[in-house]
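Hello,

Here is the structure you asked about. Please open it first and keep it in view while you read the notes below.

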Amino acid sequence: MEDFVQSNYVNEVKPDTDSIMEQAIGPVDVSDVLLTMGMTDVIVNEVDMLYYGDLAIGTPGQGLTFDVDTGSADLWVPSPWCGSSKNHYDGSQSSTYVEQDRRFAVSYGSGTVYGTTASDTVSIAGTAVLNQTFGVVYRESQDFQEYPNDGILGMAFGTIAQSRSSTVFETMMKQGKLKWPCFSIHLARGQETGSEMCWGCFDPTKATGPISWFPVSHRAYWSIPMSGFDVASERTTFDEVIISAIDTGTTFCYFPESVAAEIYAKIPGSKDASTTYGSGFYTYPCISKVEIGFLFGDSTFKLHPDDFNLGMSMYNPAECIGGIFAMNAAQWPTNLAIIGDEFLKSWYSVYDYSNGGRVGFAPSVNNQ
């Protein structure tokens, strides 16, 4: 894959963005270097379900919307033959389209897409990314028909890309389109506008404090070790760390069955609701404003109580559905957690290719 993206992700990038990032949270005007893309928050029954942004593909550009997903690494678009009523990409209308015709398929927790690969120019906030490979999809699962976004923009490491090519972000680094080798994501809470992705930058207006950094476990997903959790300031540490994938493409938080059971056991009045709502569900008393935190390194990063509360149970108005779900041990690794938007709304997240790859959390303006 293009010399493993120039010897493990572009050997010309700055070796360390730490000092730059620390400067960015101070009273410094960095607006001249911010390449930002606004994102729309899709709200269903008062729950922030997903966030999508706008890109243009081709020459002239064909505008489409994409779910920004740090839990996958492929860019794909629906073709005119996809059968979808949403926007699609037509390579025959682009002067920079190149047909590759390799088979392409990606499976997600919510479904699968099938198609072939192509390359074309991708434009992000007026910046052109040349010869970007992506999937042109001719068939997608019904799940995707129900979402308002047209396609998915994968932001994990290209080592897991089903297209066997560099991600959009990695191509931007190689083409010198970015100021720094990182991107940052702000997810708004309960409002359609205001979410933002900063390409090659950190937006100081989205954070209220310093960044805490954690090295990735592998250059595949943006996964970092989690050593325990807090419930109502009572700490529980794991015998062995679990790997937590930081995933903007997932709405809620998912844990191994045993860990989810441990968390809810610390919440008085909580109940296993798998027989009423389905596998992995729990309820807890609505009057509880329980504070839950995840332990990364030696620090606890809290989940906002309003984000944890997914609403009143239809079976008992005194009970609410909890936003932490158990993953079936027969289908998922027992040392894996998926940390989604529910948590990330409280933390401005930074994804840095330098220092071997790392994830940073800074307190979000959402909580001030």
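Start with helix 5, which spans residues 257-265; its buried residues are V259, A260, I263 and Y264. These cover an arc of only 130° around the axis, so they sit on the same side of helix 5. The face of helix 5 turned away from that buried side carries the exposed residues S258 and A265. Please keep in mind that this is a predicted model.

Now the whole chain. The protein has seven helices and 24 strands. Its radius of gyration is 20 Å, close to the 21 Å that the globule rule gives for 368 residues, so the protein is as compact as a globular protein of that length. Along the principal axes, the C-alpha atoms fill a box of roughly 60 × 50 × 35 Å. Of the 368 residues, 55% count as buried. Among contacts with a separation of 6 or more, 67% are between residues 24 or more positions apart.

The accessible surface comes to about 15600 Å², and carbon and sulfur atoms make up 48% of it.

Is A73 buried or exposed? A73 lies in the loop between strand 3 (62-69) and strand 4 (75-78). Its relative accessible area is 5%, and buried means under 20%, so A73 is buried. Leaving out residues up to four places away in sequence, A73 touches G154, M155, A156, F157, G158, I160, A161 and T167. A73 and S163 are 90 residues apart along the chain, yet their C-alpha atoms are separated by 8.8 Å.

Last, some backbone details. Most residues other than glycine have a negative phi, and most peptide bonds are trans.

- The peptide bond from T59 to P60 is cis, with omega near 0°. P60 lies in the loop between strand 2 (47-57) and strand 3.
- E46 is not a glycine, but its phi is positive, at about 70°. E46 is in the loop between strand 1 (36-44) and strand 2, and it counts as exposed at 78% relative accessibility.
- R164 is not a glycine either, and its phi is positive, at about 60°. R164 is in the loop between strand 8 (151-154) and helix 4 (168-174); at 53% relative accessibility, R164 counts as exposed.

Regards

Terms used
Residues are numbered from 1 along each chain as its sequence is written. This is a predicted model: local features need pLDDT of at least 70, side-chain atom pairs count only at pLDDT 80 or more; totals for chains, interfaces and linings use all residues. Side-chain values use heavy atoms; hydrogens and water are left out. Helices (H or I, at least four residues) and strands (E, at least two) are DSSP runs, numbered from the N terminus. The radius of gyration is taken over C-alpha atoms; the globule rule is 2.2 Å times the number of residues to the power 0.38. Buried means under 20% relative accessible area, exposed over 50%, partly exposed in between (1.4 Å probe, protein chains only). Contact means heavy atoms within 4.5 Å. Accessible areas come from the Shrake-Rupley method with a 1.4 Å probe; for residues, only the protein chains shown count as cover. The arc is that of the directions from the helix axis to the C-beta atoms.
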